[in-house]
Amino acid sequence: MNTTEACRDFTPYLMAAPDEVDDLAAARLAEHIGTCTACRAESAQYSRLRDSLSLAGAREAEPPADLVPAVLARATRERRHVIPMLPVPQVELARVIQDNREVIAQVAGVAIVAAGAAWALWRGVRAYRTAPARG
Amino acid sequence: MQITPELVEACRRGDAGAFERFVRQTNRSIYTVVLRIVGNPDDAADVTQDVYIRIWRSIRGFRGDANIATWVHRIATNAALTHLKKRGRLAAPMEEEQMAERLATVDDEDQRLSAAEVERAVERLPDAYRPLIVLKDMYGMTCEEIAEQMGMTEGAVKVRLFRARRKLAEDLTQGGVVVPMRKKKVQP
């Protein structure tokens, strides 16, 4: 097959999936493969390859028979490490905190700002009261 | 992967029985994606175990508005990619027969042959290329998603995908699975 300079420019696009190529490049590619039988054939070949890969992706491997028991055994060990340290009410408390962490952070922020303002006010009042009388 | 919201909620509450059902329902798909990325069944089993422990530890923080299958898939691919980074390129690839034995069959005979050949060729790809082909061409992730997950730029993902596909095509050509393509020494 004859390969021209133009063909070389288009090589990466022949392999690419449609979502990897911008509209301009796609239009130029379509124009090129409309006139170049070699690139048209190669583009079709890569398209078939991508289809085969997609098909292969739908197949599932068979896990080893001991995988699920091993996972469950590890999860049980994990629970034993966690649960004695966190009794059920504390686990529930931890979940509530986790679920509402954004609100808790906002409330904590407001509380810190309010405490800072109150402290600054108190210092101002105290300084005013203890200041020597002027003129 | 079919996981009901009720099952997820039960897992979030720490229900051990629910977690067991969750593991039984999802282990094939999780093991498959991990195996495809790491390329070795023993490593894949170990990484799959790690994936479930990560899920168990973090499912309380799972937000109900997200897709659980996407969330689980992301944890699995992250764990597999992390394993590959730790391992470097030293591990021996899985034997072809071993991989073929582990693959379930599909209905159509022609499709099974074609998919099996392609799967074996993917398995022979170097560690640096295989995850790209698996995530993009087998699982349909976008380049943007892959870039985020692999810590690469989108452009780098596209360049590596180009090289991976070219290597895959060369491998399949040598094996007589596809007709020879023209040799071109160009980069995108």
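## Ground rules

Residues count from 1 along each chain as its sequence is written, and chains are lettered from A, with ligands numbered from 1, in the order in which they are written. Since this is a predicted model, local features need pLDDT of at least 70 and side-chain atom pairs count only at pLDDT 80 or more, while totals for chains, interfaces and linings use all residues.

## The two chains at a glance

Let's start with chain A. It has six helices and zero strands (helices are DSSP runs of H or I with at least four residues, strands are runs of E with at least two, and both are numbered from the N terminus). Going from the N terminus on, its elements read α-α-α-α-α-α. Of its 135 residues, 19% count as buried (buried means 20 or more other C-beta atoms within 10 Å of the residue's own, exposed means 12 or fewer, partly exposed is in between, and C-beta atoms are placed from the backbone).

Chain B has nine helices and zero strands, so to speak a run of α-α-α-α-α-α-α-α-α along the sequence. Buried residues make up 38% of its 188 residues. Take the contacts in chain B with a separation of 6 or more: 61% of them join residues 24 or more positions apart (two residues are in contact if their C-beta atoms, placed from the backbone, lie within 7 Å).

## Where A touches B

The contact takes 38 residues from chain A and 46 residues from chain B. On the chain A side, the elements that give two or more residues are helices H1 (5-15), H3 (37-57), H4 (67-82) and H5 (88-99). H3(A) gives the largest share, with twelve residues.

What kinds of residues are these? By class, the chain A side has 19 nonpolar, seven polar and twelve charged residues (Ala, Val, Leu, Ile, Met, Phe, Trp, Tyr, Cys and Pro count as nonpolar, Asp, Glu, Lys and Arg as charged, and the others, Gly among them, as polar).

## H1 and H2 of chain B

Now for some helix pairs. The axes of H1(B) (residues 5-12) and H2(B) (residues 16-38) come within 8 Å and cross at roughly 130° (axes are lines fitted to C-alpha atoms, for helices over the stretch in contact, and angles run from 0 to 180 degrees between N-to-C directions). The two helices are therefore oblique to each other (under 35 degrees is roughly parallel, over 145 roughly antiparallel, 65 to 115 roughly perpendicular, and the rest oblique).

H1(B) passes H2(B) in a left-handed crossing (left-handed if the near helix is turned anticlockwise from the far one by less than a right angle, right-handed if clockwise). B:Leu7, B:Ala10 and B:Cys11 of H1(B) meet B:Ala18, B:Phe19, B:Arg21 and B:Phe22 of H2(B). That contact has six nonpolar residues, no polar ones and one charged.

H4(B) (residues 68-87) has 20 residues, which should span 28 Å at 1.5 Å a residue; its end C-alpha atoms are 29 Å apart, which agrees (the expected span is 1.5 Å times one less than the number of residues). Its buried residues include B:Ile68, B:Val72, B:His73 and B:Leu84. Among the elements covering the buried residues of H4(B) are H1, H2, H3 (41-58), H7 and H8 (143-150) of chain B.

The axes of H3(B) and H4(B) come within 9 Å and cross at roughly 130°, in a right-handed crossing. Residues making the contact include B:Val47 and B:Val51 of H3(B) and B:Ala76 and B:Ala79 of H4(B). By class, the contact has eight nonpolar, one polar and three charged residues.

Is H7(B) buried or exposed? Nine of its nine residues are buried, so H7(B) is largely enclosed by the rest of the structure. B:Arg130, B:Lys136 and B:Asp137 are among those buried residues. After H7(B) comes B:Gly140, with a positive phi near 70°.

H9(B) (residues 154-174) has 21 residues and reaches 30 Å from its first C-alpha to its last, close to the expected 30 Å. The axes of H7(B) (residues 130-138) and H9(B) come within 9 Å and cross at roughly 95°, and the helices are therefore roughly perpendicular to each other. B:Leu132, B:Ile133 and B:Lys136 of H7(B) meet residues of H9(B) including B:Val157 and B:Leu161; the contact has six nonpolar, no polar and two charged residues.
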